[in-house]
Structures are given as C-alpha cells and as structure tokens.
Amino acid sequence: MEHGTHDTGTAHDHEAHAAGGPAAHMHAHGGASWGTAAKATLHCLTGCAIGEILGMVIGTALLWGNAQTMILAIALAFVFGYSFTLFAVRRGGLDWKSAIKVALAADTVSIAVMELVDNGIIALTPGAMDAHLSDALFWTALLGGFAVAFAVTTPVNKWMIGRGKGHAVVHAHH
C-alpha cells in the first residue's frame, strides 16, 4: 500500500503533519488513534501476507518440509514488509541508507509480532502444517492467522505510534 494513499477517507493535512512529525498522528492525550494504528497494521500485514504466501507456495512447490517452508515464508514476510516502507520513504526523498534505517525502525516489531502470531496459529491448528495449497484447511488457517495477527498487532502499533516509534517514524519522512 502506498503511504500517500494510506489515509484515504480521512482528513490528512500534510503541512500540519510535516510540522508535527509523528505527533500529528497522536491525540491530545498522547496516544495514537485506532484508525492510524489499524492503517499501519494493514500496511504491514499486506507486505507480510504477500511474503508469507509466496514463501508457502515456493516451499510447497519445491517439496520442502514444514520447517524450511515456514522459515522461507517468514523471511519473505520480513523482506516484503520492509520493502513496502522502504520504497515509500525512498519516493519521499530519503537516501538508501536512511530509508533502510526508517524501514527497520518502523516495521521490525510490527512484522515480528504479526509473524509470531500468524505462524503460531498455523502451527497450533491441527493438520494445517501438513495441508496442501489446494486444501481449504491451509487457507483457513493462514487467513485466520492473518486476522488474529491483525487484531493482536494493532494495539501494539497504537502503543508504539503513540510514543513516536514504529510506523510513526515513517510519517516524518513522507
């Protein structure tokens, strides 16, 4: 999801935002809004989902075992999760080194929580680890895991953004 369009449907004053940095996404009480946290989480979830599904498809196609496939899926979730932020802040004018630092600061905790929850659900769902891509159980566990990961990660992102950390770091650069 492009950072320039992440606030579709809500008022977003870029001049006030630039002047206030991360604080522009915080309420007077010092916390981030739930909407801002949900949008940051959805942004992260999009990259994670692309990477994770791609990893599962590649691992399954190569007839890899569960552990190898899961490792690949998690690695690609981080790659795609970071990439979305990296390219957005690069478009905003940051050099590569600064953009990488921002992406790491913005997304590491969010992606880690999301992957822990999502893969934990898949691992704990009976039969899901052995399900094939053509099985409804595979997709139900994966998509259900994404939904639960979103619900768990959104409050984490809200807390971090409210303190000027996580996804709030990105907003200072677009």
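Predicted model: local features only at pLDDT ≥ 70, side-chain atom pairs only at ≥ 80, totals over all residues.
Contact means heavy atoms within 4.5 Å. By class, this contact of helix 2 with helix 5 holds 16 nonpolar, five polar and two charged residues. Ala, Val, Leu, Ile, Met, Phe, Trp, Tyr, Cys and Pro count as nonpolar, Asp, Glu, Lys and Arg as charged, and the others, Gly among them, as polar. Helices are DSSP runs (H or I, at least four residues), numbered from the N terminus. Residues are numbered from 1 along each chain as its sequence is written. Local features need pLDDT of at least 70, side-chain atom pairs count only at pLDDT 80 or more, and totals for chains, interfaces and linings use all residues; side-chain values use heavy atoms, with hydrogens and water left out.

The axes of helix 2 and helix 5 come within 8 Å and cross at roughly 145°. Axes are lines fitted to C-alpha atoms, for helices over the stretch in contact, and angles run from 0 to 180 degrees between N-to-C directions. The crossing of helix 2 and helix 5 is right-handed. That term applies if the near helix is turned clockwise from the far one by less than a right angle.

Helix 4 (residues 96–124) also packs against helix 5 (residues 136–162), at an angle of about 150° and with the axes 8 Å apart. Helix 4 is therefore roughly antiparallel to helix 5 (an angle over 145 degrees). Their crossing is right-handed. The helix 4 side includes V109, V113 and V117. The helix 5 side includes A141, G145 and V148. The residues of this contact of helix 4 with helix 5 divide into 14 nonpolar, four polar and one charged.

The axes of helix 2 and helix 4 come within 10 Å and cross at roughly 50°. The two helices are therefore oblique to each other. Helix 2 passes helix 4 in a right-handed crossing. In helix 2, T41, C44, L45, C48, E52 and M56 take part. They meet S110, I111, M114, E115, D118, N119 and I122 in helix 4.

The largest pocket has a volume of about 260 Å³. Its lining counts 15 residues, and T60, N66, T69, M129 and A131 lie nearest the centre. Helix 2 (34–61) and helix 3 (66–91) each supply at least two residues of this lining. Helix 3 gives the most, with three residues. By class, the lining has nine nonpolar, five polar and one charged residues. A pocket is an open set of points, on a 1 Å grid over the protein atoms alone, where a 1.4 Å probe fits, with protein on both sides within 12 Å along at least five of seven lines; lining residues have an atom within 4 Å of a point. Grid points are joined across faces, edges and corners, and a volume is the space filled by probe spheres set on the points.

Terms used. Parallel < 35°, antiparallel > 145°, perpendicular 65-115°, else oblique.
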